[in-house]
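This report describes how the parts of one protein model meet one another. Please examine the sequence and the structure shown below before reading on.

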Amino acid sequence: MEHTKEIVLTGDRPTGCLHLGHYIGSLKNRIDLQNIYEKCYIMVADTQALSDNFNNPGKVIENVVEICKDYLAVGIDPLKSTIFIQSMIPELPELMLYYLNLVTLSRLERNPTVKSELQQREFGMSVPVGFLCYPVSQIADITAFKATIVPVGEDQLPMIELSNEVVRRFNITYNKSVLRESRALLGTTKRLVGIDGKSKASKSLNNAIFLCDSDEDIHDKVYRMFTDPDHIRVSDPGKVEGNVVFAYMDAFYEDREELEALKKHYQEGGLGDSSVKSLLSRSLQKLITPIRERRAEITKNYVMDILIDGTARARKEAAKTLGEVKEAIGIVYTRS
Ligand code: TRP
């Protein structure tokens, strides 16, 4: 096992149970990362989730435990990864407050990630300041743990860029290299299409297969998957591009050689949708069943123990960084 001084930070907003999109996009990765890097932090970003769910805190709170169950069920090891709750670390918003002075409003508004999210959420003229500032809160998350590696999707690259800008600005302004720059770990985050084939798998679009779905749910969802609308008779040649069943086969089917043969057969004609769906359904059930069973064994008490212990460890690191930041600025007051 190769240990390095790299520090990894990842996280999710707790707004629902995790699905296959998360599994292939980030969870699988984190299991590998925790075996390579000595320090891996996984943040349950409840504070950030409130920035667009402030009027529905119950949904966020409930899912803190649920998301942690998902982490543990897929094999994230709390001895290797520090799982913690964002809102229990007051050092994070305190850091954010100092960083807010180093970012301009136009810089935030120009950020492509923020821009597209603002459009998606249809805030119109009523953009909550909290939402606009969440990238700065994210910078606090990254820098508090001196993370050097942040596994993100391509759409998040402007965030990391902004983070490094703030890091440099801080270090130059206060003439001390307290904060560390980070880099995005790309390519590790793959996107998974929803069963409707229209957009990426997500809970809000109701087009995802969840890690807690029953075998029947999985079967039903696979049989509802969008395929090739021109593949009418079994003998017709079919397209695998844009065919959701094959997108999932690509992502999850273990026997790669057989998969290539299946694709060829489908393209030539003579292979029915339901035969492929049956293979996919069984293979997804084989993947999800042990996760669902482990998940059912995990008690809320156990989850809370993991979260409280992880948060205590994480908070120590954040407090150390905050101390250094305040010292660099010079706001350390003592009785003389
Ligand atoms: N933005 C991430 C999400 O929506 C969660 C998150 C918050 C995060 N702070 C972070 C991820 C810092 C990486 C680094 O799920």
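## A salt bridge

In this predicted model, a salt bridge joins the side chains of arginine 295 and glutamate 66, with 3.0 Å from N to O.

The protein is divided into domain 1 (4-192 + 299-329) and domain 2 (215-295). Ten residues from domain 1 and nine residues from domain 2 take part in the contact. The C-alpha centres of the two domains lie 35 Å apart.

Across the interface of domain 1 and domain 2, the rule finds two salt bridges. Three residue pairs are in polar contact between these domains. On the side of domain 1 that touches domain 2, helix 1 (20-36) and helix 3 (57-74) are the elements that give two or more residues. Helix 3 gives the most to that side, with five residues.

The size of an interface is often given as the accessible area lost when the parts come together. Between domain 1 and domain 2, the buried area is about 900 Å², and carbon and sulfur atoms give 70% of it. In domain 1, the residues that lose the most area to domain 2 are Leu20, Ala73 and Leu192, together 55% of what that side buries.

## Helix 10

Which residues are buried in helix 10? In this helix (residues 215-224), Ile218, Lys221 and Val222 are buried. They lie on the same side of helix 10 because they cover an arc of only 100° around the axis. The buried residues of helix 10 pack against helix 13 (273-297). On the face of helix 10 turned away from its buried side, Glu216 and Arg224 are exposed.

Notes
Residues are numbered from 1 along each chain as its sequence is written. This is a predicted model: local features need pLDDT of at least 70, side-chain atom pairs count only at pLDDT 80 or more; totals for chains, interfaces and linings use all residues. Side-chain values use heavy atoms; hydrogens and water are left out. Buried means under 20% relative accessible area, exposed over 50%, partly exposed in between (1.4 Å probe, protein chains only). Helices (H or I, at least four residues) and strands (E, at least two) are DSSP runs, numbered from the N terminus. The arc is that of the directions from the helix axis to the C-beta atoms. Contact means heavy atoms within 4.5 Å. Domain bounds come from an automatic or database domain assignment. Buried area is the accessible area (1.4 Å probe) that two parts lose on being put together, summed over both. A salt bridge is a side-chain nitrogen of Lys or Arg within 4 Å of a carboxyl oxygen of Asp or Glu. A polar contact is a pair of N or O atoms within 3.5 Å; within protein, one must be able to donate a hydrogen and the other to accept it, and residues adjacent in sequence count only if both atoms are side-chain atoms.
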